[in-house]
Amino acid sequence: MWRFGIPVLIILTLLPLAAFMVFAFILPETVPLQIGFDGEVNRWGSKWELLAIMGIVSVVCNVLITLCYAFAPQLKSMGLLNGPKNNDVGIARWILIGSAAFLDVILIGATVLLASIALGAA
């Protein structure tokens with residue numbers, strides 16, 4: 001089961017990067033970078049700053065998740081990964097895949113939100 005997860009995690013690592021490349025062509029040069037609790041944009045900046053931040057966060061987090069997935073038995077033996085006793089690391093690995101997918105949805109969704117604000121203001 002674990003061999004199918006590595007390609008899935010690699011795809012989940014590359015998916016946001018592909019989305020951010022599409023955003024590079026769609027976004028105007030100036031985009032919102034921070035939105036306050038009141039819904040007002042607090043800071044505007046370059047689209048390349050937004051895409052670089054989102055891309056770096058995406059790659060670093062997904063690489064860490066992939067490493068945890070690959071070394072799950074070692075992490076479990078060291079007590080750093082918990083799972084049911086009868087299932088070595090299967091459920092923990094599924095949770096890692098779900099976490100990577102959730103991370104991608106959040107990052108791409110945040111970029112879509114900021115893009116929609118930028119395109120509405122343009």
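Phe 4 is partly exposed, at 40% relative accessible area; with a 1.4 Å probe and protein chains only, buried means under 20%, exposed means over 50%, and partly exposed is what lies in between. This is a predicted model, so local features need pLDDT of at least 70 and side-chain atom pairs count only at pLDDT 80 or more, while totals for chains, interfaces and linings use all residues. Numbering runs from 1 along each chain as its sequence is written, and side-chain values use heavy atoms, with hydrogens and water left out.

## The aromatic pair

There's one aromatic pair in the structure. Its partners are Phe 4 and Trp 94, with ring centres 5.5 Å apart and planes at 45°, so it goes down as tilted. For the record, rings of Phe, Tyr and Trp (its six-membered ring) pair if their centres lie within 6.5 Å; planes under 30 degrees apart are stacked, over 60 edge-to-face, and the rest tilted.

The pair ties together distant parts of the chain: Phe 4 belongs to helix H1 (residues 2-26) and Trp 94 to helix H4 (residues 90-121), 90 residues apart. Helices (H or I, at least four residues) and strands (E, at least two) are DSSP runs, numbered from the N terminus. Trp 94 is also partly exposed, at 48%.

## A charge over a ring

Arg 93 puts its charged end over the ring of Tyr 69, 5.0 Å from the ring centre. The test here is NZ of Lys or CZ of Arg within 6 Å of the ring centre and within 35 degrees of the ring normal.

## Nonpolar cores

The largest nonpolar core has 15 residues, and Phe 20, Phe 23, Leu 27, Val 31, Leu 50 and Leu 51 touch the most other members.

Skipping neighbours within four places in sequence, Phe 23 is in contact (heavy atoms within 4.5 Å) with Leu 51, Thr 111, Val 112 and Ala 115. Another core, of seven residues, lies apart from the largest one and includes Leu 12, Ile 65, Tyr 69 and Ala 100.

## Cysteines

Disulfides number zero, the cut-off being a pair of cysteine sulfur atoms within 2.5 Å. For Cys 61, the nearest cysteine sulfur is that of Cys 68, 11 Å away. Cys 61 is partly exposed at 30%, and Cys 68 is partly exposed at 32%.

Methods
Core = buried A, V, L, I, M, F, W, Y, C linked by side-chain atoms within 4.5 Å.
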